There are 2 protein chains.
Amino acid sequence: MYEVEVKVPADLGAVRERLERLGATPEDAVVQVDTYYDAPHREFAETDEALRIRSERPEDGDAETRVTYKGPLVDDESKTREEVETAVGDGEKGDAILTNLGFEPAATVRKERERFSLAGYTVTLDSVADVGDYVEVETEVADESELEAAREGAYDVLERLGLDPEEQLRTSYLGLLLES
Amino acid sequence: MYEVEVKVPADLGAVRERLERLGATPEDAVVQVDTYYDAPHREFAETDEALRIRSERPEDGDAETRVTYKGPLVDDESKTREEVETAVGDGEKGDAILTNLGFEPAATVRKERERFSLAGYTVTLDSVADVGDYVEVETEVADESELEAAREGAYDVLERLGLDPEEQLRTSYLGLLLES
C-alpha cells in the first residue's frame with residue numbers, strides 16, 4: 001500500500017467554508033500526540049525513515065494507540081512512502097519496549113486534526129502546536145503505477161479548496177517542529 | 001513487575017492427574033506460536049534479552065497477538081527477568097515493522113499450552129514441538145525483595161505435583177530448540 005499525501009499551509013477557516021460549499025463529508029475531529037523515536041543503529045534523518053507511536057483521542061472517546069513505521073520516500077514529486085501501522089494495546093508499554101531496545105523518544109508533535117472526505121480523498125485540517133496550520137490531501141493506492149494519477153487528483157482537490165499545489169511542503173511536521 | 005518461573009521436564013499425563021487430585025483450577029488451553037527476533041545492533045544471546053511476537057489461539061476463538069521485550073535475568077536462582085508486553089492489532093504488520101527496522105526472525109517456537117491455578121501460582125503444561133514436554137510454575141511479584149519467598153513457594157508446588165525442583169531448566173524453549 002502506498003500513500004499519496006500533499007500538504008500545503010492554509011487558513012483553516014477559509015478551507016472549512018470551501019469544504020462545506022463543496023459538500024465534503026466531515027469524518028472526525030481528534031487530538032493526536034505523536035512521539036517519534038531515534039534508532040540506536042541508524043540515523044533515521046539520513047535513511048529517511050521514521051518510527052512513531054501515535055495516541056489519538058476523539059472528541060468523545062478513549063485514546064487509541066498505534067505504532068507506525070515509515071519507509072523512505074519512493075516518489076520525489078509527492079510525499080509518498082511505504083507505511084506499516086498497527087494498533088498497540090498500551091502506549092506506555094509500547095514506549096517501554098522501544099526504549100528498552102535502545103530507541104529513544106526524539107520529539108513529540110501535538111495537533112488538533114479534523115478530517116473530511118471529498119472525491120475519494122481524505123482532506124485533513126491540522127492545527128499543529130508550535131508549527132502552524134496546514135491542509136493535507138491524501139489517498140492510498142495499491143500499486144506504484146497508480147501514484148501519478150492519484151497525485152494529479154490530489155492537486156485538483158487542493159485547487160478546488162482554493163489552495164495552491166505549488167506551495168506543497170515535503171517537510172514533515174516533525175521536521176518543521178525541529179526547524180522551528 | 002518481576003516474574004518468577006521454574007520449569008522442569010515432566011510427564012504431562014501424570015501431572016494432569018495430580019492437578020485434578022489437588023483441586024487445581026483449569027484456566028485455559030491455547031496454541032502459541034512465538035517468533036523471536038535478532039536485533040540489528042545487539043547480540044541478544046550476549047545481552048540476555050529477547051524480543052518476541054506471540055500469536056495465541058484459544059481452543060474456540062480468534063488468535064491474539066502480543067509483543068514482548070524480555071530483559072536480562074535479575075535473579076540467578078530462577079528464571080526471573082523484567083518483561084514488558086502489550087497487545088498488537090495485527091501480527092503480520094508488527095512483524096513487518098520489526099523487519100523494516102532491521103530485526104530479523106530468528107526462530108519460531110510452537111506449543112500446546114494448558115494452564116491451571118494452584119495456591120497462588122500458575123501451573124503451565126507445555127507440549128513444545130521439536131523440544132518436548134515441560135511444566136512451568138510461575139507467579140509475579142511487584143518487588144525484588146519478594147523474589148525468594150515466591151521461588152520457595154514455586155518449589156513447593158512442583159513437589160506437590162510429583163516433580164523435582166532440582167531438575168529445573170534455565171534454558172528457554174527457544175534455547176532448547178536451537179540446541180536440538
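Contact here means heavy atoms within 4.5 Å. The model is predicted: local features need pLDDT of at least 70, side-chain atom pairs count only at pLDDT 80 or more, and totals for chains, interfaces and linings use all residues. Residues are numbered from 1 along each chain as its sequence is written, chains are lettered from A in the order in which they are written, and side-chain values use heavy atoms, with hydrogens and water left out.

**Stop 1: the interface.** Select both chains. On chain A, 23 residues are in contact with 23 residues of chain B. The two chains bury about 1800 Å² between them, 71% of it on carbon and sulfur atoms. Buried area is the accessible area (1.4 Å probe) that two parts lose on being put together, summed over both.

**Stop 2: three residues.** Now pick Ile97(A), Asn100(A) and Leu101(A). They supply 32% of the area that chain A buries against chain B, more than any other three residues.

**Stop 3: the elements behind it.** Colour strand 4 (64–75), strand 5 (80–88) and helix 3 (91–100) of chain A. Each supplies at least two residues of the side that touches chain B. Helices (H or I, at least four residues) and strands (E, at least two) are DSSP runs, numbered from the N terminus.

Stop 4: Chain A has five helices and eight strands. From the N terminus, the order is β-α-β-α-β-β-β-α-β-β-β-α-α. The C-alpha trace of chain A spans about 50 × 40 × 30 Å along its principal axes. Of the 180 residues in chain A, 47% are buried (under 20% relative accessible area, 1.4 Å probe, protein chains only).

Conventions: Buried means under 20% relative accessible area, exposed over 50%, partly exposed in between (1.4 Å probe, protein chains only).
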